[in-house]
Amino acid sequence: MKPWENNIRKVVPYVPGEQPNKQGMIKLNTNENPYPPAPGVEKVLQEIDMDALRRYPDPTVKLLVEELAHFYHLNNNQLFVGVGSDDVLAMAFLTFYNSSKPILYPDITYSFYPVWCDLLRIPYQTPPLDENFAIVKEDYYKDNGGVIIANPNAPTSVYEELSVIEDIIKHNQDVIVIVDEAYIDFAGRSATELIAKYENLLVVQTFSKSRSMAGMRIGYAMGNESLIKALNDVKYSFNSYTMNEAAIVAGVEAVKDNGYFEEGIRKIIATRDRTEAALTKLGFSFPKSGSNFIFATHEKIPAKEVFDALRVKNVYVRHFNLPRINNYLRISIGTDEEMERVLELLHEIIERY
Ligand code: PMP
């Protein structure tokens, strides 16, 4: 071993879902939206000003911040934007989780959280979800260095009522509580309602799911202005120009088209509800989904076998080889046609077993 190797920061990286690009594939493994972004997004990208690309983008990302602040009835200084919510969350971990006490999050949740903790040397504890994948809120009443809850949770798809989230915030007013709402638009009430009430609350959302723009990489955080200032101070100490010009103008157009946004969500929820009913008939069970995916287990066939059988047929879903969930598949909601085809294949796989 070379001496300099001791000085290399060693991390076990997050493993993103695979991004195959095969003809005719049905890709339901990374919770992307099957529909295109709002029509205004395409138009603005076609017309993008080359002079704007020659220059650096606006480091304050004023246009997008203003549009989002208007949408959520917040002030501009209550909004922070970044390169996908992964970037926003990483900045938030760096900014807010600096205690020697462990931060808390559920044992089954977004698998990026332990990676940021290891990278940034943040101690953590993971209170277990109950057998129905619900949060045990009393587990968050103890002394800690911060709390992060994904609501709806991934990969379980479970949405906790806002009263549960508020109870956790109420019991943790000495630390920062982050609510990661990547999937909230497919669920129910958002913790953004509580921002005026709790100065220690940060709500993080994304354009990747309900706004069909995973490829653009836009995420944002909302909270008290002192939290947003702290996030910006860290961002400017790291990279002032995180958001590129194309993402900024495209993001603005997406937020402007509320009709398209709502219609897209309605379609996904309708397809999800139909898919849930059909999966039940096939012998699958799952928690009621509050997201754009279903987390399902079959009464007879092991999840890994279903995963492999679908893959052979060019259908990609996600399987996590992790304790408590290795017999589940996470299936993103695609178009009606895609889901019909998947259900047909599942029927065949089950018949054959
Ligand atoms: N939070 C959760 C719970 C997620 O599932 C994802 C998607 N992988 C993200 C955050 C990050 O999404 P993005 O960086 O595309 O905004």
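Guide: A residue is near a molecule if one of its heavy atoms lies within 4 Å of it. This is a predicted model, in which local features need pLDDT of at least 70, side-chain atom pairs count only at pLDDT 80 or more, and totals for chains, interfaces and linings use all residues. Residues are numbered from 1 along each chain as its sequence is written, and side-chain values use heavy atoms, with hydrogens and water left out.

Visitor: How many residues surround the ligand?

Guide: The closest are Ser-85, Tyr-183, Thr-206, Ser-208 and Arg-217. Helix H4 (residues 84-96) gives the most to this shell, with four residues; helices are DSSP runs of H or I with at least four residues, and strands are E runs of at least two, numbered from the N terminus. The number of residues surrounding the ligand is 13.

Visitor: Which strands are the edge strands of the open sheet of four strands?

Guide: The strand order is S9-S10-S13-S12, with antiparallel pairing; two strands pair if DSSP finds at least two bridges between them. Two bridges join S12 to S13 (residues 329-332), with His-319 partnered by Leu-329. Pairing on one side only are S9 (284-285) and S12 (318-319).
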